[in-house]
Amino acid sequence: MSAAAGAGVLLQVESVSVRFGALMALSGVSVDVRAGEILAIIGPNGAGKTTLLNVISGFYHPSQGRIFFEGRDRTRLRPPDVAELGIARTFQNVALFKGMSVLDNIMTGRLLKMKGSFLLDALYLGPAMSQELANRAFVERIIDFLEIQAIRKAPAGRLPYGLQKRVELARALAAEPKLLLLDEPMAGMNVEEKEDMCRFILDVNGEFGTTIVLIEHDMGVVMDISDRVVVLDYGRKIADGTPDDVRTHPAVLDAYLGVTHD
Amino acid sequence: MIYREAGQFKTTYASDQAIFPIVQDRVVVALGVLAVFVLPTRFANEYWLQAILIPFLIYALAALGLNLLTGYAGQLSLGTGGFMAVGAYAAFKLSTAFPSLSIVIVFLLSGLIAALVGVVFGIPSLRIKGFYLAVATLAAQFFLIWLFNKVAWFVNYAPSGTITAPSRTVLGVTVTGPTASAAARYVLALVFVAVFALIAKNLVRGRIGRSWMAIRDRDIAAEIIGVRPLRTKLLAFAISSFYCGIAGAELVFLYLGSAETLAFDIGLSFLVLFMVIIGGLGSVLGSFLGAAFIVLVPIFLTNAPHVMGLSLPVAFQKQLELMVFGGLIIFFLIVEPHGLARLWQITKEKLRLWPFPH
Amino acid sequence: MIDVLQHVVVGPFRDIGSNPAFFGEVVIGGILAGMLYSLVALGFVLIFKASGVFNFAQGVMVLFAALTLVGLLERGLPVAAAFVVTAAVMIALAFVIERVVLRPLVNQEHIILFMATIGLNFFLEGFGEMLWGANVKKLDVGIPDRSFMMAGMQVNQLELSAGVIAAVIVAILAVFFQKTRIGRALRAVADDHEAALSIGIPLKTIWVVVWSVAGLVAIVAGVMWGAKSGVQFSLSLIALKALPVLILGGFESVAGAILGGLIIGVGEKIGEVYWGPLVGGAIENWFAYVLALAFLLVRPQGLFGEKIIERV
Amino acid sequence: MSARASIVAAVALAASLGAATPASADHEIVIGVQCDRSGPDATVGAPLCAGFRDYVALVNAGNGVEGHRIRAAEIDTESRVPPALAAYERLRGEAAVALALYGTQIYALAPRLAEDRIVATAAGWGPADAANGRRHPYVFSVASAASQAAAAVGFAKHRLGTLKGKKVAFVPDDSPAGREPIAVLEDLAERERFQLKTFAAPSTGATMATLAVDLARRYRADFVIAHLAGRAPSLAIQELARVGYPLDKVIFFVGGSAEADVDAAGGRAVADGYHGLEFAGVGQEFPVLRAIQAMYHAQGRQPPTRMASSVCYNRGVVMAALQVQAIGNAVAARPDGRIIGDDVKAGMEKIRGFTLGGLTPPLEITPTDHEGGGRLQVWQVKGARFVPVTDWFTAYPRVIARHVTAERGAPSR
């Protein structure tokens with residue numbers, strides 16, 4: 001398990017509610033994400049897991065409740081502002097830039113690390129060029145790390161699904177995030193691919209100390225890699241604790257066995 | 001085996017990032033650039049320069065501009081003619097108000113003014129997307145043309161309502177106005193398009209180009225990476241309109257000699273869009289191929305039947321031209337959305353392996 | 001400053017008040033023109049609803065239909081036969097478009113399909129002129145082109161008939177969509193392609209049907225406009241007029257197309273007559289666009305469109 | 001595309017480009033004529049071009065001009081400027097000495113004509129100041145917009161008795177060329193004390209219903225002067241008739257007074273009463289036209305149906321005849337036939353009392369007056385026929401002179 005677990009709170013979701021018309025996607029959910037931990041969010045379909053991630057990323061704004069990152073209120077930030085705070089994410093249905101090469105996809109992840117003047121960029125001179133090259137070097141390290149050297153120049157849209165997921169992770173890592181949000185990083189993968197992905201997630205957490213929040217359906221994976229598990233059902237949090245706590249929590253059992261409850 | 005890259009290893013990221021990573025390409029391009037500067041001015045007759053080469057260069061610049069916006073940033077615009085008109089009228093006003101100002105500066109400033117106008121009309125792009133935006137750019141097209149047509153100040157109150165390129169020199173050579181030789185106008189147009197093609201290439205292979213393509217390919221993913229949609233799209237509108245503005249100024253100053261708003265009507269917007277689609281969306285090279293194609297097809301249709309001993313009625317040729325353009329657009333969108341540029345690339349790959357099939 | 005305000009804000013209204021009968025005529029003219037805009041816009045909406053394709057070529061389909069009809073009449077076909085043959089041509093066209101353009105592009109992004117219809121637009125324009133010639137043609141469908149006075153206002157019989165026919169067509173289409181099996185199927189496809197497929201509606205049939213219906217609507221629009229201004233190239237320009245209508249009404253709403261057409265028609269005429277002279281006139285080409293754009297910034301989904309919730 | 005097919009295509013393309021290069025013109029004198037067979041001006045271009053070519057054929061069927069053949073090259077500009085430029089370069093390469101042009105193309109080409117010393121005749125729809133030989137030394141317009149404006153007002157006065165206190169509506173194409181006569185009209189309005197209001201028609205001409213309603217029912221114009229081209233005239237006639245405006249109080253400039261305009265408006269019954277200004281006679285009852293018919297019959301062919309579009313056809317004949325006349329004058333001074341544009345210009349400026357058997361007003365072209373007097377005639381549609389209602393006349397010559405010769409608003413160089 002992760003070494004850094006148990007340090008201070010990085011992200012604080014405070015009784016957040018999200019409403020789409022008549023539907024309450026989230027009602028009063030509070031989650032603390034501690035720096036350095038791997039937190040898994042689980043729950044049946046439609047429980048509000050992705051909505052929670054979307055609220056954290058700034059795609060939706062909560063109708064009630066607040067969100068703090070590193071102690072500062074950031075409830076109403078837009079996604080690009082969220083990115084600037086150091087939060088990166090992947091999507092449930094891979095959201096790669098299909099028309100770009102793998103390399104360019106990952107380079108795009110470096111966007112916020114690259115500053116520049118428009119004119120120098122246009123001429124590709126001096127700082128613009130050296131910055132481009134420095135970032136290229138960084139990206140190459142990620143490519144090595146995720147073992148995708150062979151597909152560097154391939155168009156992202158033509159890769160098999162498992163590799164696309166890996167490239168998307170690479171793109172998120174390129175931003176050197178403090179907090180990484182992974183929406184079902186292992187969905188649709190075979191066993192070997194899943195094992196690879198688990199290894200990468202643990203390595204990212206271990207080597208760079210990146211805090212990770214992930215949504216996952218595979219309970220085996222969740223129990224193996226996460227420090228802590230939050231369970232959502234019908235937009236409410238029904239459990240929050242270590243994998244072992246959650247495994248035996250009665251409400252969780254109900255939810256997963258499909259027993260109705262009010 | 002002529003076109004081989006075996007034995008060429010890239011040892012630095014710098015060489016891998018180069019525009020033309022293969023030596024043969026670099027040699028060919030360098031020779032090519034030299035050739036296009038020297039050969040036509042020496043050997044092409046006035047008809048070639050005036051009817052084919054000059055319009056080709058100007059359209060290529062406009063197509064580059066639209067390609068940055070539509071091909072790279074994914075924002076469809078049908079207002080190209082309007083933005084070109086802004087450049088043309090700005091160049092006319094500037095060059096007549098400040099006769100001593102270098103025409104090169106005039107062109108650049110006209111581009112900047114067009115860029116500003118482009119930004120204004122790009123603002124709706126935050127709230128509206130896809131064909132909604134296309135319709136909004138049509139509004140720009142119609143409004144701008146109406147404005148230039150209506151306000152006599154734009155034409156210096158000339159009763160004929162036309163803007164006419166005054167005579168101006170660059171380095172002692174007359175490049176605009178009725179006395180400018182076609183060769184001089186050709187070289188000036190070529191310098192502009194060469195410089196701005198290089199700049200376009202630099203932009204699209206770097207930070208800015210990646211943020212455009214990110215917005216184009218998946219806007220939500222782009223946002224969470226830190227791409228600010230409005231700023232990015234507006235930058236695309238600005239740069240695209242800058243290119244189109246210069247192309248518009250050139251259209252009057254280096255090609256038509258004088259013009260009224262009719263020269264910038266919606267037909268021009270579509271023409272440039274055709275170049276981009278047929279040449280290749282999201283390709284700098286494609287902008288050139290598309291422009292060449294659109295300039296050559298009518299000439300081909302006019303002359304080819306004569307060569308084959310046929311005689312087609314003129315009206316029939318024009319109808320055929322429309323059908324060819326329309327049909328090819330559908331063809332390319334279905335078969336090869338990356339257009340002629342992609343076909344060129346495939347040919348190159350074949351050459352690379354030649355004489356082996358794989 | 002006050003002068004300008006007086007000129008722009010007060011003057012035109014005083015004008016309206018001083019000659020209400022004329023204002024009435026302008027409004028009626030606007031409504032009748034708007035009906036025709038609606039008819040063209042409906043063609044767009046039908047196709048968009050069922051296939052998500054924004055058919056830029058709808059205007060040229062109007063021209064093509066009218067050209068075909070006039071061409072057949074000129075070759076001596078009786079009116080009824082000409083209509084039947086034209087309808088057959090439009091349906092055949094729908095088959096060809098489905099086979100050649102739509103099917104190969106079925107899973108492409110909407111913007112690609114849109115650009116393909118721009119290509120279709122130019123192809124059909126060249127093809128139509130090649131078949132039938134480019135001259136302005138007179139189209140006489142037997143409705144007298146006479147004006148009469150009604151409550152102090154001058155009303156044109158042809159325009160009135162065109163308006164009534166457009167209204168009837170619109171009503172028929174509304175019923176078709178709400179009450180018939182195929183209409184419901186079309187709506188099902190519009191809402192969810194996969195769902196429609198899963199209950200056994202073949203997509204290509206739907207597409208052919210909907211493009212055929214749009215083609216038939218194009219005939220009506222072409223006849224109405226052609227009778228009014230002659231069959232000529234500028235007929236296809238009315239398609240450009242229908243675009244602001246769509247923005248205003250929303251791309252997916254039949255009611256929106258109708259109401260949007262009326263608003264644009266009336267707004268345009270009033271703008272042209274009362275405010276146009278203040279800026280030198282001939283504002284017709286862009287006024288509708290600016291009207292629609294202003295509206296769009298306030299309500300991006302149009303009058304009746306549903307609020308767009310982006311799915312992440 | 002197969003490799004073979006692409007080679008064939010490439011060869012054809014190369015050959016076609018080669019074909020575009022000029023051939024030398026040794027024993028023939030090359031002139032060009034704008035033949036817009038496509039685009040909105042096709043209804044003008046096709047008959048005009050036919051008339052032009054037929055007249056040239058007639059000349060060549062004789063002895064040419066003093067034994068020199070004339071070759072009339074066609075320019076299809078599709079009513080757009082870029083193809084006109086391309087064709088212009090081609091004709092320049094073929095050493096053309098004179099061109100017959102109309103529309104915006106003249107505006108675009110005027111500076112080059114002066115630079116390259118090539119003569120152009122403008123058929124009624126060209127720069128208003130083209131009548132000024134000093135301003136446009138190489139452009140010869142037969143009826144300038146200024147002369148047309150004056151003639152239209154003169155005719156209105158003749159019809160209404162007086163213009164004092166009357167309301168005149170001016171309906172121009174909403175383009176610079178369309179608005180050019182406004183200055184002349186405003187002058188005349190002041191002079192004759194009539195009220196003038198401009199109703200600009202959108203250039204696309206998609207609809208003119210509102211304009212007609214506004215003009216007839218709100219402004220209640222006493223007389224309408226229209227300066228339209230392409231497909232707009234027919235729409236205007238139609239819409240004016242529809243709102244019940246009396247067409248005998250309407251006069252069109254030369255751009256909208258052809259049979260095609262009337263026919264497209266729904267036939268001559270609809271357009272009954274409508275007036276058009278003409279700088280060439282209408283119909284086929286002129287000696288030169290009978291000579292052309294005779295030429296066709298002699299060759300065992302039927303005269304072309306284009307002759308029925310007599311307004312534009314006859315204008316084409318007039319343009320060709322003017323150029324041939326000028327070439328004749330030039331060749332008289334240079335019998336070897338190696339004439340250049342300047343010779344034709346000089347020849348043009350020597351034309352005196354040229355009437356072509358009544359097909360044109362007597363033209364007196366001088367180095368300063370390039371429209372040759374600016375006389376026009378009004379024709380009216382009456383009982384499905386075009387009938388002349390005036391003789392050749394000019395109106396307000398001093399006002400025209402002031403506008404044509406005034407050096408105002410010249411494009412800055």
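**Ground rules**

I number residues from 1 along each chain as its sequence is written, and chains are lettered from A and ligands numbered from 1 in the order in which they are written. As the model is predicted, local features need pLDDT of at least 70 and side-chain atom pairs count only at pLDDT 80 or more, while totals for chains, interfaces and linings use all residues; side-chain values use heavy atoms, with hydrogens and water left out.

**Entry 1: chain D against chain B**

I looked up contacts first, where contact means heavy atoms within 4.5 Å. On the chain D side 40 residues are in contact with 42 residues of chain B. I then took the buried area, which is the accessible area (1.4 Å probe) that two parts lose on being put together, summed over both. For chain D and chain B this comes to about 3,500 Å², and carbon and sulfur atoms give 62% of that.

How many salt bridges does the rule find across the interface of chain D and chain B? It finds one, with a salt bridge taken as a side-chain nitrogen of Lys or Arg within 4 Å of a carboxyl oxygen of Asp or Glu. I noted a salt bridge between the side chains of B:K150 and D:D174, at 2.8 Å from N to O.

I also counted polar contacts. A polar contact is a pair of N or O atoms within 3.5 Å; within protein, one must be able to donate a hydrogen and the other to accept it, and residues adjacent in sequence count only if both atoms are side-chain atoms. Between chain D and chain B there are five residue pairs in polar contact, both residues at pLDDT 80 or more.

Next I checked which elements take part; helices (H or I, at least four residues) and strands (E, at least two) are DSSP runs, numbered from the N terminus. In chain D, the elements giving two or more residues to the side that touches chain B are helix 1 (3-20), helix 3 (81-93), helix 4 (104-116) and helix 6 (176-179). Helix 1 of chain D gives the most to that side, with eight residues.

I sorted the residues by class: Ala, Val, Leu, Ile, Met, Phe, Trp, Tyr, Cys and Pro count as nonpolar, Asp, Glu, Lys and Arg as charged, and the others, Gly among them, as polar. The side of chain D that touches chain B has 19 nonpolar, eight polar and 13 charged residues.

**Entry 2: chain A against chain B**

Here 43 residues of chain A are in contact with 30 residues of chain B. The two chains bury about 3,200 Å² between them, 61% of it on carbon and sulfur atoms. I found five salt bridges listed across this interface. One of these joins the side chains of B:R228 and A:E84, at 3.4 Å from N to O. Seven residue pairs are in polar contact across the interface of chain A and chain B, both residues at pLDDT 80 or more.

**Entry 3: the two domains of chain A**

The domain bounds come from an automatic or database domain assignment. For chain A the assignment gives domain 1 (1-86 + 177-262) and domain 2 (97-174). I noted 27 Å between the C-alpha centres of these two domains. In domain 1 of chain A, 20 residues are in contact with eleven residues of domain 2 of chain A. The two domains bury about 1,200 Å² between them, with 73% of it on carbon and sulfur atoms.

Which residues of domain 1 of chain A lose the most area to domain 2 of chain A? They are A:P177, A:M197 and A:F200, together 33% of what that side buries.

The count between the domains is two salt bridges. I noted that the side chains of A:D196 and A:R166 meet in a salt bridge of 3.4 Å, N to O.

**Entry 4: chain C**

Chain C has twelve helices and two strands. I read its elements from the N terminus on as α-α-α-α-α-β-β-α-α-α-α-α-α-α. Of its 312 residues, 57% count as buried; buried means under 20% relative accessible area, exposed over 50%, partly exposed in between (1.4 Å probe, protein chains only).

**Entry 5: D:Q293**

D:Q293 is in helix 11 (residues 287-298) of chain D. The side chains of D:Q293 and D:Q284 are joined by a polar contact of 3.2 Å. Not counting residues up to four places away in sequence, D:Q293 touches D:Q284, D:P303 and D:M307.
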